[in-house]
Amino acid sequence: MAVTRCTKMAYDNADDMVFGFSQHPLSYGCGLKVGAGYVIPEVNYAPRPGTEKDPAKLRKEYVDYISKDILNRFVTAGFPNVQLETEWVSQMNQEKLCAPVVSGQKEICEKYHAEYGINCAVRQTIPDQREADEGLRPEVDKSEHAYAHKFFECAEFACENGADVFSVESVGGKEFADYAVTNGDIIAFLFGVGYLGAIDMTYIWEQCVDICKKYKTIPGGDTNCSGANVAMFMAGGYLDNDVQRTFSAVTRAISAARTLAACEAGAVGPDKDCGYEGPIVKSITGKPTAQEGKNCQCAHCDLQGNLIAQCCDLWSNESVEYHPEFGGTSVQCWGGSLGYECSLMNTAIQLKQEKTLRDLYMYSDRQRGPEAYILAYDHAYMIGKAIADNGNDLYMRAKAAGQLAADIIVKGYNAKELLLTNKQLDVIQDIQKKLAALPDDTDKFVEYCTKEFKDSVPRYNPKNYGL
């Protein structure tokens, strides 16, 4: 299909963005309506180690245990809606393991919808096991495993066996992201994620959208989990100092331009929960977004656990291994916490207090760190506009996002609204200088980066990106 770059904003102003409402609501699965005036819990989980060794055992783990436990708890607690997300373990890249799981989860959702009236659906998120040094495209990947071929096979397996929503956490640009985060090199991140990553995401999602259409599956979305999330996790919190949080904040803004490419290739949302850049992307597209925050402490800690709920349409726990806890199984306990949080949001909507709760969420974390600061919906909207204003140029829009994020952080520091350490301030000011010194011509930028990173990123192969 033809790719249409986003050059306009979906919302007239930032204040129009609020949880539970999107400009393009979706209906799918067994009665779910996403972005249609309420927030839906999305429970994410992982099977116990060892269950992946046998198809029957893996199906039982995902369907008879995990899915049934979640649905039972939601019916028991009186929660009307739930989406399940199955992030495939790596071994599920073969039909004998994945097909029984996907079809089985579809069947149990239909059963519970018919018997109890609960609205439900399943998102299937396939693994992206492609390696840059082996080839990101089938015509380049001639390795023994040929993961580039398997990638699109997995998309077929998921959709033809009944996935309601299809997603992936793609790895395009990861060879540069790994180097960039380790070395604090914002130009390498801009080239790898903002430019090359967007090229790769466009390439894979054009084909994934076609596969989804064939089986009437919703093409959900993607994220920069392999880049900006790595930066965020390594930056950590107040006890950590390996990666500066001002650096990770700018990588998040750049990553939004990459995540947007899936929507431009036909993905309609909801995008992935681990894409903390979701508010930026939603401001541009108006499509539903899934987010995770304070209810994903089972998976990781972040510094914007309340704030990131500000304009979500699905609210997720990230991922939890299936195991017993005092209150039930892990998926029941963490699913229950999601259910009650969504109930609070939906009650606020019913009482016409959604913007009040949105602002309480946002202000509680706004000053907690630079990444939270740039993701606050007013700043997210500004960064989204910078991307849209340069929408037809993958490099320039990613650069504009990074520059504006850096400027917002420095302005917040100067206004004494955002506290930074001396090191964080040095890093963000250095980022400003480096981004400002870059050319405004894409060809010159590509030529510069190809030479600059020739030795430091040896895994880079231009053919992976059609260059």
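By class, how many nonpolar, polar and charged residues does the lining of the largest pocket have?

Analyst: This is a predicted model, in which local features need pLDDT of at least 70 and side-chain atom pairs count only at pLDDT 80 or more, while totals for chains, interfaces and linings use all residues. Residues are numbered from 1 along each chain as its sequence is written, and side-chain values use heavy atoms, with hydrogens and water left out.

The lining of the largest pocket has 7 nonpolar, 3 polar and 3 charged residues, where Ala, Val, Leu, Ile, Met, Phe, Trp, Tyr, Cys and Pro count as nonpolar, Asp, Glu, Lys and Arg as charged, and the others, Gly among them, as polar. A pocket here is an open set of points on a 1 Å grid over the protein atoms alone, with protein on both sides within 12 Å along at least five of seven lines, whereas a cavity is a set of points where a 1.4 Å probe fits but cannot get out; in both cases a lining residue has an atom within 4 Å of a point. Grid points are joined across faces, edges and corners, and a volume is the space filled by probe spheres set on the points.

On that basis the largest pocket has a volume of about 230 Å³. Its lining is made by 13 residues, and those that lie nearest its centre are E87, P127, D128, E169 and C225. Two elements, β5 (119-126) and α6 (225-235), each supply at least two residues of this lining, and α6 gives the most, with 4 residues. Helices (H or I, at least four residues) and strands (E, at least two) are DSSP runs, numbered from the N terminus.

The second largest pocket can be described in the same terms. The volume of the second largest pocket is about 180 Å³, and of the 13 residues that line it, N183, G184, Q244, F247 and V427 are the closest to its centre. Two or more residues of the lining of the second largest pocket come from each of α4 (174-183) and α14 (422-436), with α14 giving the most, 4 residues. By class, the lining of the second largest pocket divides into 5 nonpolar, 5 polar and 3 charged residues.

The largest cavity has a volume of about 50 Å³, and its lining includes G220, C263, G269, D271 and K282. Helix α8 (residues 278-285) contributes the largest share of that lining, 4 residues, and by class the lining of the largest cavity has 4 nonpolar, 5 polar and 3 charged residues. G269, one of the residues lining the largest cavity, is joined to P270 by a cis peptide bond with omega of about -5°, and P270 lies in the loop between α7 (245-264) and α8.

From the open and enclosed spaces one can turn to strand β3 (residues 40-46). Of the 7 residues of β3, 6 are buried, so this strand is largely enclosed by the rest of the structure; buried means under 20% relative accessible area, exposed over 50%, and partly exposed in between, with a 1.4 Å probe and protein chains only. Two strands pair if DSSP finds at least two bridges between them. By that rule, β3 pairs with strand β9 (residues 314-316) in the parallel sense over 3 bridges, and there L314 is the bridge partner of I40. Strand β4 (residues 81-87) runs parallel to β3 and is joined to it by 4 bridges, with N44 standing opposite E85. Between β3 and β4 the chain passes through helix α1 (residues 55-77), and this β-α-β crossover is right-handed, which means that, with the strands pointing away from the viewer, the path from the first strand over the helix to the second runs clockwise. Strand β10 (residues 320-321) is also parallel to β3, joined by 2 bridges, and Y45 stands opposite V320 in β10.

Two loop residues complete the picture. K216, in the loop between α5 and β7 (218-221), has a positive phi of about 60° although it is not a glycine, and K216 is exposed, with a relative accessible area of 80%. K352, in the loop between α9 (330-350) and α10 (354-365), has a positive phi near 60°, and at 69% relative accessibility K352 counts as exposed.
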